Amino acid sequence: MAMRKTAAVAALTLLAAWGGAGSATAVAPATARKAAEACGVLAPGASAAAEKAVAAACEQIGVWYTWGGGHGPRPGPTYGQVDPSDPDSAHDPERLGFDCSGLVRYAYARAVGGDPLSGNAYHQFHSPQVNQRFTAAQGTGPLLPGDLLAWGSGGSIHHIAIYLGAGKMVEARESGTRIMVSDVRLGGDYAGAVRIAPATAPGTFSTWGTDVWTHKEPSTTSPRVHRFPGPTTVRVECQKHAEPVTAEGYTNDAWSYLPEYGAWITNIYLKGPAWLDGVRTCP
């Protein structure tokens, strides 16, 4: 597919002229142009939505990686934060850009509208929008442009990128770098890939609020499992009456089970009625 690169090349030329806050080395115009031209759909077979997501991500080539970037109220670049574990992130609060999941969020929002992949890399890898999974052992053979590659171990996902085809990917890699095209890294803790099919499927809901925790059991006294930093699309398998919870001015004893997270969430933090329509009762 022929891709529009004019905007990306123009943006990169501007970045080359101005290294940006905290920049150590400016990007040469020729290097910027070459990087933009290398980013695109490099294999056939992807859905129209996936190709649009690739195009949207490629338009950001040369934009700063910034830790926490791209996780504002709406998809798009934001200033980042300092990662206490990474000295290279010292300038991230001065840099407008994306982290890895912020770029993925933006790309698919541009492709299909709405905000189908909010949350961090773990949430995106386990999103209800996933309709096919590929193991690390399968390599890149079955992958199509727009698929999401992920890295992590022990159930944790710490990095995510968008496949282009031909063994290439576009990623926001780490502090101190800009969004780039890279060779796919199949070694180390590569965890596999997922294919996205954005849709509003039955049983799909959105959380609301910030810093909302799920629990191992339908009780606030059970161990915490995962935290939703902001509104996130989730799939509810079933719901049941359990421990009453009072929060945000509401009281409700309904809890929903989220199979992708193996956890429960009080229905108070799910958009919809207190007892969700069309969701079966858990046994």
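**Exercise 1. Work out the strand order of the six-stranded open sheet, and find its edges.**

Step 1. Let's start with the order: this open sheet runs β4-β9-β5-β6-β7-β8, and its pairing is antiparallel. Keep in mind that we're looking at a predicted model.

Step 2. Now for the edges. β4 (130-134) and β8 (180-183) each pair on one side only, which makes them the edge strands.

Step 3. How are neighbours turned against each other? On average the angle is 35°, direction ignored.

Step 4. Zoom in on one pair. Strand β7 (residues 168-171) and β8 are antiparallel partners over four bridges. Within this region, Met169 sits opposite Ser182 in β8.

**Exercise 2. Find out which strands of the sheet α3 and α4 lie against.**

Step 1. Take α3: it packs on the sheet, where it touches β6 (159-165) and β7. The direction of α3 makes about 110° with that of β6.

Step 2. Then take helix α4 (residues 100-112). This helix lies across β5 (148-151), β6, β7 and β9 (190-196), and it runs at about 50° to β6.

Step 3. Look at one residue of α4 while you're there. Is Cys100 buried or exposed? Its relative accessible area is 7%, and residues under 20% are called buried, so Cys100 is buried.

**Exercise 3. Locate the largest nonpolar core and say which element gives it the largest share.**

Step 1. The largest core has 56 residues. Those with the most contacts inside it are Leu148, Ile162, Val170 and Ile179.

Step 2. Which element contributes the largest share? That's α4, with seven residues.

Step 3. Pick out Ile179 and list what it touches, skipping residues up to four places away in sequence. Its contacts include Gln60, Ile61, Val63, Tyr65, Phe98, Leu103 and Val170.

Step 4. There's another core apart from the largest one. It has ten residues, among them Phe134, Leu149, Tyr163 and Ala193.

**Exercise 4. Find the disulfides and say which parts of the chain each one ties together.**

Step 1. How many are there? Searching the whole structure turns up two disulfides. As a reminder, a disulfide is a covalent bond between the sulfur atoms of two cysteines.

Step 2. One of them joins Cys39 to Cys58, with 2.0 Å from S to S. The angle about the S-S bond is -75°, and the link is left-handed. Cys39 is in the loop between α2 (29-38) and α3 (48-58), while Cys58 is in helix α3, so this bond ties together parts 19 residues apart in sequence. Both Cys39 and Cys58 are buried.

Step 3. The other is formed by Cys238 and Cys282, whose sulfur atoms are 2.0 Å apart. Here the angle about the S-S bond is 95°, and the link is right-handed. Strand β14 (residues 238-247) holds Cys238, and Cys282 lies in the segment after β16 (263-266), so the parts tied together are 44 residues apart in sequence.

Step 4. Finally, number the bonded cysteines in sequence order: the pairing reads 1-2, 3-4.

**Exercise 5. Describe the three-stranded open sheet.**

Step 1. What is the strand order? It is β1-β3-β2, with mixed pairing.

Step 2. The edge strands are β1 (64-65) and β2 (78-79), each pairing on one side only.

Step 3. β1 and strand β3 (residues 96-98) pair in the parallel sense over two bridges. Trp64 has Gly97 in β3 as its bridge partner.

**Exercise 6. Step back and sum up the whole chain.**

Step 1. The secondary structure amounts to five helices and 16 strands.

Step 2. Of the 283 residues, 51% are buried.

Step 3. For contacts between residues at least 6 apart in sequence, 59% join residues at least 24 apart.

Step 4. The accessible surface is about 12,700 Å², and carbon and sulfur atoms account for 55% of it.

Technical notes
Residues numbered from 1 in each chain as written. Predicted model: local features only at pLDDT ≥ 70, side-chain atom pairs only at ≥ 80, totals over all residues. Heavy atoms only, no water. Buried < 20%, exposed > 50% of the residue type's maximum accessible area, 1.4 Å probe, protein only. Contact = heavy atoms within 4.5 Å. Areas by Shrake-Rupley, 256 points an atom, 1.4 Å probe, with all protein chains shown as cover. Disulfide = S-S within 2.5 Å. Pairing = 2+ DSSP bridges. Axes fitted to C-alpha atoms, helices over the stretch in contact; angles between N-to-C directions. Core = buried A, V, L, I, M, F, W, Y, C linked by side-chain atoms within 4.5 Å.
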